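Dear colleague,

Please find below the structure for your review, together with its sequence. My findings follow directly after it.

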Amino acid sequence: MRPWLVWLWCCCQACFWPGTKTPPPVLQSSVAALVAAVAPAGREMALPGLRDENGKRSALTRLLDEELAGALVRSGAAFELVEGDEQWNPPEEVPERYLQQVSAPVWLVGQVLRDSTSVYLRLQALERPGTRVLAARTLRLAGELLERRLETAPAEPAGLGVQLQ
């Protein structure tokens with residue numbers, strides 16, 4: 001066989017090789033952009049965890065919590081994780097005992113809403129809940145992308161699953 005034919009055959013194999021192709025980190029970059037738009041620079045923040053429209057935590061809210069905490073770590077923001085109840089009642093209010101436990105001046109609170117094809121992450125930076133909103137944005141994510149991520153995620157993580165080093 002001629003050397004150029006071998007070279008051509010190898011090039012064709014490389015182009016059509018069915019190896020694993022990793023998708024671009026769409027979720028990671030989208031959440032990072034959301035954090036950059038909402039989180040105030042240079043201020044300590046509290047992160048009480050996301051809730052769904054009923055005020056409950058779910059596998060989806062935990063997945064997005066991990067992405068949110070990761071984006072905050074990568075941005076160099078000072079924040080404190082606030083562990084607490086699996087459900088807030090009423091769903092849109094931060095429970096009073098959280099406010100007494102945490103001294104951070106800014107709270108990043110969010111809600112995860114779903115429709116048939118999309119998931120919406122609404123994130124707000126509050127100057128102590130119950131006072132003024134510093135910034136707010138809503139991020140639209142493909143529901144299909146998150147469903148695939150949930151299928152590969154561990155069944156029930158303990159806490160947020162973030163290790164700070």
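Predicted model: local features only at pLDDT ≥ 70, side-chain atom pairs only at ≥ 80, totals over all residues.

I begin with Leu 68: apart from its neighbours within four places in sequence, Leu 68 is in contact with Val 31, Val 35, Leu 47, Leu 50 and Leu 123. Contact here means heavy atoms within 4.5 Å. Leu 68 belongs to helix α3, and it counts as buried because its relative accessibility is 0%. Buried denotes under 20% relative accessible area, exposed over 50%, and partly exposed in between, with a 1.4 Å probe and protein chains only. Between Leu 68 and Gln 28, which lie 40 residues apart along the chain, the C-alpha separation is 8.5 Å.

Residues are numbered from 1 along each chain as its sequence is written, and side-chain values use heavy atoms, with hydrogens and water left out.

Confidence and overall organisation

The pLDDT, which is the predictor's confidence in each residue on a scale from 0 to 100, averages 77 for the protein chain, and 66% of the residues score at least 70. Confidence is lowest in helix α1 (residues 3–16), with a mean of 54, and highest in strand β6 (residues 133–142), at 92. Two stretches call for caution in reading. Over residues 17–24 the pLDDT stays under 50, and the model has zero contacts beyond four places in sequence for them. Over residues 158–165 the pLDDT likewise stays under 50, and here the model has nine contacts beyond four places in sequence.

The protein chain contains five helices and six strands, in the sequence order α-α-β-β-α-β-α-β-β-β-α. Helices (H or I, at least four residues) and strands (E, at least two) are DSSP runs, numbered from the N terminus. Of the 165 residues, 36% count as buried. Among contacts between residues at least 6 apart in sequence, 63% join residues at least 24 apart.

Helices α2 and α3

The axes of helix α2 (residues 26–38) and helix α3 (residues 59–75) come within 9 Å and cross at roughly 65 degrees. Axes are lines fitted to C-alpha atoms, for helices over the stretch in contact, and angles run from 0 to 180 degrees between N-to-C directions. On the α2 side, Leu 27, Gln 28, Val 31, Ala 32 and Val 35 take part, and they meet Leu 64, Glu 67, Leu 68, Ala 71, Leu 72, Arg 74 and Ser 75 in α3. By class, this contact has eight nonpolar, two polar and two charged residues. In that classification Ala, Val, Leu, Ile, Met, Phe, Trp, Tyr, Cys and Pro count as nonpolar, Asp, Glu, Lys and Arg as charged, and the others, Gly among them, as polar.

Strand β4 and its partners

Strand β4 (residues 106–114) is largely enclosed by the rest of the structure, because seven of its nine residues are buried. Two strands pair if DSSP finds at least two bridges between them. Strand β1 (residues 45–47) runs parallel to β4 and is joined to it by two bridges, with Met 45 opposite Val 106. Strand β2 (residues 51–52) also pairs with β4 in the parallel sense over two bridges, and here Arg 51 stands opposite Gln 111.

With strand β5 (residues 118–127), β4 pairs in the antiparallel sense over nine bridges. These two strands form a hairpin with three residues between them. Leu 108 has Ala 125 of β5 as its bridge partner, while Gly 110 has Leu 123. Strand β5 in turn pairs with β6, in the antiparallel sense and over nine bridges; Leu 126 is partnered there by Val 133 of β6.

Leu 123

Which residues does Leu 123 contact, leaving aside its neighbours within four places in sequence? They are Leu 34, Val 38, Leu 68, Leu 108, Val 109, Gly 110, Ala 135, Ala 136 and Arg 137. Leu 123 lies in β5 and counts as buried, because its relative accessibility is 0%. Leu 123 and Val 112, eleven residues apart in sequence, are 8.8 Å apart in space, C-alpha to C-alpha.

Yours sincerely
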